[in-house]
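Try each task yourself before you read the solution.

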Amino acid sequence: MINYLGRSGHYRSLAAEKHMVEFYEATLQSHWKGISYEHVYFQGKFGATHTLVVNNNSSLPIIVLLHGICNTSLMWADIVRKLSPLFKIYCIDIIFEPGLSKCIKPITMISECCAWLNELLNQISGHNPVSLVGFSYGGYIAAEYTNRFPSKISKLTLINPAATFSRTSFSHDTLLVSSLITGSSVVVKKYFGFLCSSRKGKRIRN
């Protein structure tokens, strides 16, 4: 097993991080069996973004996959099997979510999230447009990014995108991630109270 400990910056303890790394590797061995992939880290001002890359040395078109909230790139196994004959695939561990990425600079605004993704895509594609796929929370990020950097995206696919057509506050979404990691039930209740309220269509912070 590759030693990732110390790379991921959002765990409460080294033991918790070790447990996540072991789970990640075990899931790769079970659910990603038969898929040829590489672990690649991209360094940037927000930290080190871990990526599972398929067909890394090929000249196939690039497609980038963004997972949902409180998830990792592990979720894409079945999709990767179908796409691997057609694309060079980058499965991103979103830098402030659970996974093997390490966030060293807090991201609290969607503009910062888009800046992180823009820096990452520039390293991946050399400023050439890519196909971008986002699921749930990843769809929210993908939609916001494409709205801000349309020339960077050749095709956009949104799968059940969260907070995209009826917007919620990015700060509330960040609170939810924090509460799920720390176990704060009070914050979780406040967040879902917000979602169920009548405050629809509120713009996120720029």
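**Exercise 1.** Is Ser136 buried or exposed?

*Solution.* Keep in mind that this is a predicted model. Start with the location: Ser136 sits in the loop between strand E6 (130-135) and H4. Next, take its relative accessible area, which is 19%. Buried means under 20%, so Ser136 is buried. While you're there, check the backbone: Ser136 isn't a glycine, yet its phi is positive, at about 55 degrees.

**Exercise 2.** Describe how helix H3 packs with helix H4.

*Solution.* Two packed helices are described by the angle between their axes and the distance between the axes. For H3 (residues 110-125) and H4 (residues 137-148), the angle is about 80 degrees and the axes are 10 Å apart. Angles of 65 to 115 degrees count as roughly perpendicular, so H3 is roughly perpendicular to H4.

Now see who does the touching. H3 brings Ile110, Ser111, Cys113, Cys114, Leu117, Asn118 and Leu121, while H4 brings Tyr140, Ile141, Glu144, Tyr145 and Arg148. Sort the residues of this contact by type and you get eight nonpolar, two polar and two charged.

How values were computed
Residues are numbered from 1 along each chain as its sequence is written. This is a predicted model: local features need pLDDT of at least 70, side-chain atom pairs count only at pLDDT 80 or more; totals for chains, interfaces and linings use all residues. Side-chain values use heavy atoms; hydrogens and water are left out. Axes are lines fitted to C-alpha atoms, for helices over the stretch in contact, and angles run from 0 to 180 degrees between N-to-C directions. Helices (H or I, at least four residues) and strands (E, at least two) are DSSP runs, numbered from the N terminus. Angles under 35 degrees count as roughly parallel, over 145 as roughly antiparallel, 65 to 115 as roughly perpendicular and the rest as oblique. Contact means heavy atoms within 4.5 Å. Ala, Val, Leu, Ile, Met, Phe, Trp, Tyr, Cys and Pro count as nonpolar, Asp, Glu, Lys and Arg as charged, and the others, Gly among them, as polar. Buried means under 20% relative accessible area, exposed over 50%, partly exposed in between (1.4 Å probe, protein chains only).
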